[in-house]
Amino acid sequence: QVQLEESGGGLVQAGGSMTLSCSVSGRTVSIYYMAWFRQAPGKEREFVARISRSGGITNYSDSVKGRSTISRDNAKNTVYLQMNGLKPEDTAVYYCATERAVFLSRMAIDDSARYDNWGQGTQVTVSY
């Protein structure tokens, strides 16, 4: 059974940078499309970024596009999310997830139902 563990969160000042890591165990990460989501207090889980198996295709939400980079190292079974120019509104718990092998075509890439395995999350807090 695949397990995901996020790390790298913490407290950072606005304008700063942070790199989150998602370590995958139990299965080789190379078979999965991977994604990052986040959830702020009182809000729904929100799509952040997605990466293909080889890393050649990436997708980003409008809220992070241009200041975030999703990447992966399949040899290390790890996926990363680098965020620059952090804003207080980036404060949230960040989760990584594996994309289902089979999903309904109506499930857009930003639909959390498209993903099946989730980590416990890592808290990112951006202060003013």
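Colleague: Does asparagine 77 count as buried or exposed?

Modeller: This is a predicted model, in which local features need pLDDT of at least 70 and side-chain atom pairs count only at pLDDT 80 or more, whereas totals for chains, interfaces and linings use all residues. Residues are numbered from 1 along each chain as its sequence is written, and side-chain values use heavy atoms, with hydrogens and water left out. Buried means under 20% relative accessible area, exposed over 50%, and partly exposed in between (1.4 Å probe, protein chains only). The relative accessibility of asparagine 77 is 17%, so asparagine 77 counts as buried.

Colleague: Where does asparagine 77 lie, and what is its phi?

Modeller: Asparagine 77 lies in the loop between strand 7 and strand 8; strands (E, at least two residues) are DSSP runs numbered from the N terminus, as are helices (H or I, at least four). Strand 7 and strand 8 form a hairpin with four residues between them, and asparagine 77 is in its turn. Most residues other than glycine have a negative phi. Asparagine 77 is not a glycine, yet its phi is positive, about 55°.

Colleague: How many bridges pair strand 7 and strand 8, and which residue in strand 8 is the bridge partner of aspartate 73?

Modeller: Two strands pair if DSSP finds at least two bridges between them. Strand 7 and strand 8 are antiparallel and share six bridges. In strand 8, the partner of aspartate 73 is threonine 78.

Colleague: Which strands stand at the edges of the open sheet, and by what angle are its neighbouring strands turned on average?

Modeller: The open sheet has four strands in the order 1-3-8-7, with antiparallel pairing. Strand 1 (3-7) and strand 7 (68-73) stand at the edges, each with a single partner strand, so one side of each has no neighbour in the sheet. Axes are lines fitted to C-alpha atoms (for helices over the stretch in contact), and angles run from 0 to 180 degrees between N-to-C directions. For neighbouring strands of this sheet, with direction ignored, the average turn is 15°.

Colleague: Which residue in strand 8 is the bridge partner of methionine 18?

Modeller: Strand 3 (residues 18-25) and strand 8 (residues 78-83) run antiparallel and are joined by six bridges. The partner of methionine 18 in strand 8 is methionine 83.

Colleague: What is the handedness of the disulfide between cysteine 22 and cysteine 96?

Modeller: A disulfide is a pair of cysteine sulfur atoms within 2.5 Å, and those of cysteine 22 and cysteine 96 are 2.0 Å apart. Cysteine 22 lies in strand 3 and cysteine 96 in strand 9, so the pair ties together parts that are 74 residues apart in sequence. Both cysteine 22 and cysteine 96 are buried. The torsion about their S-S bond is about 65°, so the disulfide is right-handed.

Colleague: What geometry does the aromatic pair of phenylalanine 37 and tryptophan 118 have?

Modeller: Rings of Phe, Tyr and Trp (its six-membered ring) pair if their centres lie within 6.5 Å; planes under 30 degrees apart count as stacked, over 60 as edge-to-face and the rest as tilted. The search of the whole structure finds four such pairs. Phenylalanine 37 and tryptophan 118 are 5.1 Å apart centre to centre, with 65° between the planes, and the pair is edge-to-face.

Colleague: How far from the ring centre of tryptophan 118 is the charged end of arginine 45?

Modeller: A charge sits over a ring if NZ of Lys or CZ of Arg is within 6 Å of the ring centre and within 35 degrees of the ring normal. The charged end of arginine 45 sits over the ring of tyrosine 95, 3.8 Å from its centre. The charged end of arginine 45 also sits over the ring of tryptophan 118, where the distance to the centre is 4.7 Å.

Colleague: What is the C-alpha to C-alpha distance between valine 93 and arginine 38?

Modeller: Valine 93 lies in strand 9. Its contacts (heavy atoms within 4.5 Å), leaving aside neighbours within four places in sequence, include Phe37, Arg38 and Gln120. Valine 93 and arginine 38 are 55 residues apart in sequence, while their C-alpha to C-alpha distance is 5.4 Å.
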